Amino acid sequence: MRRVLDAIDRYQLLVAVGTTVLWGAILVVRVFLPHPVGLGDQDDGHRLFCELGLRDDRPWQAPGNELVYPTWVEHRYYGETCGANGTGEAYYSSHLALLRLARMLTPVLGLPGALDLRALAVICIAIVAFALGWLVAVLPGRVALRFVVVSAIGLLFADPGVAGYFISPYSEPAALLSVLLLCPALLMFFRADRPQWHHYLLVASIAAFAIASKTQMISLLPVIVVALLWNRRAAGAHRAQRLTRGFAVMLALGLAAVSGLYFTSQPQRFTMVNAYNQVFGTILPTSPDPAGDLEWFGLDPALASGSGTHILSEDSVATDPAYAEFTEKVTPAEIALFYLTHPARLPGLVGTGMEGAAEFRLPDDYAGSNLAGSGLPATQIDHRMESYTFAFTAFEVAPAVLLGGYWLVALIVFLTVTYHRADEPGVQAVGKLGLALIAAAFIQFWAVMLSDGRSDLVKHMIVVNVCTALTMPLLLAAWLNRKRRGTEGEEQQERTGGEADREPVAASVPAAASV
């Protein structure tokens with residue numbers, strides 16, 4: 001403990017702890033007062049919670065999306081009544097780890113049932129508060145500026161577009177929380193002159209948790225692999241350099257193997273549903289020749305009658321005898337090949353995706369926010385603390401131009417900051433983090449559009465939106481610190497965070513942040 005306190009400025013540590021406590025309190029008030037709010041269930045919760053032997057405690061045939069049913073009780077499932085859409089195929093997600101913690105915390109908080117989603121919200125709030133405090137410790141620049149930047153990120157996670165997931169049965173919290181935790185972990189990694197093994201392990205572990213939260217999060221893999229290998233040349237012996245590089249390569253390969261294992265272990269039912277949604281929900285409705293598109297996949301043109309349907313719709317063609325060969329002929333590789341051989345269809349796909357990404361929060365008719373038993377109206381939507389939801393409305397005017405333009409401008413600024421030799425390593429690290437987030441948003445965008453396509457688009461774009469939103473305060477941090485460079489003396493840099501660029505401090509930040 002003494003060594004840690006000696007390694008980091010105590011004032012900065014106090015600010016980090018204070019930030020954690022302050023934003024923890026703000027988020028508790030935001031989520032729980034004057035009454036708890038969350039998101040109703042669009043029947044996605046069953047496939048996850050049944051793996052824990054739980055069912056939601058709601059009246060028979062009561063719609064799950066109009067109110068939030070936070071209490072889950074013990075239940076024994078038989079045969080194919082559990083798993084992905086009743087197939088019996090196990091559904092895996094790292095979010096199950098958070099649910100197990102919530103299950104242990106439920107009786108401690110005196111909440112009903114075997115697991116109460118309000119306990120999950122407490123865990124989510126604690127993680128967000130910790131991550132914000134950690135960010136204050138590793139960001140460069142004046143403490144006041146760091147606090148402003150971190151508070152802007154705090155507002156992001158207080159926005160109903162994100163905070164609503166804290167009391168919900170969806171797996172999004174695991175993805176969103178790990179993306180947030182990756183920010184200080186990557187900053188610390190990029191700031192270190194010679195990253196140590198624990199820097200690499202920390203980044204890789206958080207990334208593995210993020211990728212395992214849901215299949216579309218495999219889009220993070222190339223971003224993290226490049227980040228692990230994107231390291232300033234270490235000073236010192238050549239043998240030490242080779243060992244460090246070798247460890248980074250082995251860790252990247254291990255992360256790729258774990259990601260591949262997770263992706264291939266997911267239920268085949270999901271692959272089938274995604275393929276149906278892509279062909280009948282995305283490709284055919286916007287096609288000038290639906291029958292020709294089906295023939296390209298080797299399918300019966302008569303299936304064009306299913307254009308615009310969902311696999312579970314009453315008018316779905318999934319029961320048509322001509323559909324029998326669909327799952328064999330329509331694969332993710334074939335879908336990607338279709339778009340490569342039909343480039344004229346890509347602008348429409350991008351435009352559709354951008355429209356979904358420009359909506360930061362779920363539509364008002366998606367799910368209610370009030371908890372069952374609260375006496376509040378069903379289907380009522382929580383609109384408190386809408387900050388990024390409001391900001392993203394600007395993109396809705398012309399999504400492809402404005403959101404795409406923002407990505408381009410942010411990319412240029414972060415590239416400039418990253419490769420501007422006059423900037424201190426801490427500022428360059430912010431540039432690298434910004435580049436990683438822009439790349440993650442872009443790849444995640446395509447992961448969504450080439451898998452589910454238009455189906456449930458706004459919900460699936462939440463990771464794209466959060467990665468995009470995170471770059472906004474980081475742009476402020478990078479640019480203001482860069483403009484101050486050269487106008488302040490070395491003493492000011494030492495007093496406002498220059499010490500954080502020295503290897504001993506960078507190596508000890510996680511320990512200090514967890515004190």
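User: Where does Leu13 lie?
Analyst: In this predicted model, Leu13 is part of helix H2.

User: Buried or exposed?
Analyst: Leu13 is buried, because its relative accessible area is 11%, under the 20% cut-off.

User: How far apart are Leu13 and Val136, in sequence and in space?
Analyst: Leu13 and Val136 are 123 residues apart in sequence, and their C-alpha atoms are 8.7 Å apart.

User: Salt bridges next. How many are there?
Analyst: The count comes to 12 salt bridges. Asp44 and Lys459 form one of them, with the closest N and O atoms 3.7 Å apart. That pair links distant parts of the chain: Asp44 is in the loop between H2 and H3, Lys459 is in helix H20, and they are 415 residues apart.

User: Are those two buried or exposed?
Analyst: Asp44 is buried, with a relative accessible area of 17%. Lys459 also counts as buried, at 4%.

User: Which residues are linked with Asp44 and Lys459 in a network?
Analyst: Glu172 and Lys214 are linked with Asp44 and Lys459 in a network of salt bridges.

User: What about Glu74 and Arg103?
Analyst: Glu74 and Arg103 form a salt bridge with their closest N and O atoms 2.6 Å apart. It links distant parts of the chain, Glu74 in strand E2 and Arg103 in helix H4 (residues 95–108), 29 residues apart. Glu74 counts as exposed at 52% relative accessibility, while Arg103 counts as partly exposed at 24%.

User: How many of the H19 residues are buried?
Analyst: 19 of the 25 residues of H19 are buried, and the helix is mostly covered.

User: Same questions for H12: what span, and how many buried?
Analyst: The 16 residues of H12 (residues 268–283) should span 22 Å, and the end C-alpha atoms are 21 Å apart, which agrees. H12 is mostly covered, with 12 of its 16 residues buried. Among the buried residues are Arg269, Phe270, Tyr276, Asn277 and Gln278.

User: On to the backbone. Which residues does a cis peptide bond join?
Analyst: Leu33 and Pro34 are joined by a cis peptide bond, with omega about 0 degrees. Pro34 is in the loop between helix H2 (10–32) and helix H3 (45–49).

User: What is phi for Gln61 and for Asp456?
Analyst: Gln61 has a positive phi, near 65 degrees, and is not a glycine. Asp456, also not a glycine, has a positive phi of about 50 degrees.

User: Why point those out?
Analyst: Because most residues other than glycine have a negative phi.

User: Where are they?
Analyst: Gln61 is in the loop between strand E1 (54–56) and strand E2 (71–74) and is exposed, with a relative accessible area of 69%. Asp456 is in the loop between H19 and helix H20 (457–460) and is partly exposed, with 27%.

User: Last topic, the surface. Which residues make the nonpolar patch?
Analyst: Leu408, Leu411, Ile412, Leu415 and Tyr419 make a nonpolar surface patch of about 480 Å². Leu415 lies in helix H18, residues 399–418, and counts as partly exposed at 37% relative accessibility.

User: Which residues gather in the patch of negative charge?
Analyst: Asp289, Glu295, Asp300 and Asp320 gather there, on the surface. Asp320 is in the loop between helix H13 (290–296) and helix H14 (326–329). At 32% relative accessibility, Asp320 counts as partly exposed.

Conventions. Residues are numbered from 1 along each chain as its sequence is written. This is a predicted model: local features need pLDDT of at least 70, side-chain atom pairs count only at pLDDT 80 or more; totals for chains, interfaces and linings use all residues. Side-chain values use heavy atoms; hydrogens and water are left out. Patches are made of residues with over 30% relative accessible area and no salt bridge: like charges are joined within 9 Å, nonpolar side chains (Val, Leu, Ile, Met, Phe, Trp, Tyr) within 5 Å. Accessible areas come from the Shrake-Rupley method with a 1.4 Å probe; for residues, only the protein chains shown count as cover. A salt bridge is a side-chain nitrogen of Lys or Arg within 4 Å of a carboxyl oxygen of Asp or Glu. Lys and Arg count as positive and Asp and Glu as negative; His and the chain ends are not counted. The place of a charge is taken as NZ of Lys, CZ of Arg, CG of Asp or CD of Glu. Helices (H or I, at least four residues) and strands (E, at least two) are DSSP runs, numbered from the N terminus. Buried means under 20% relative accessible area, exposed over 50%, partly exposed in between (1.4 Å probe, protein chains only). The expected span of a helix is 1.5 Å times one less than its number of residues.
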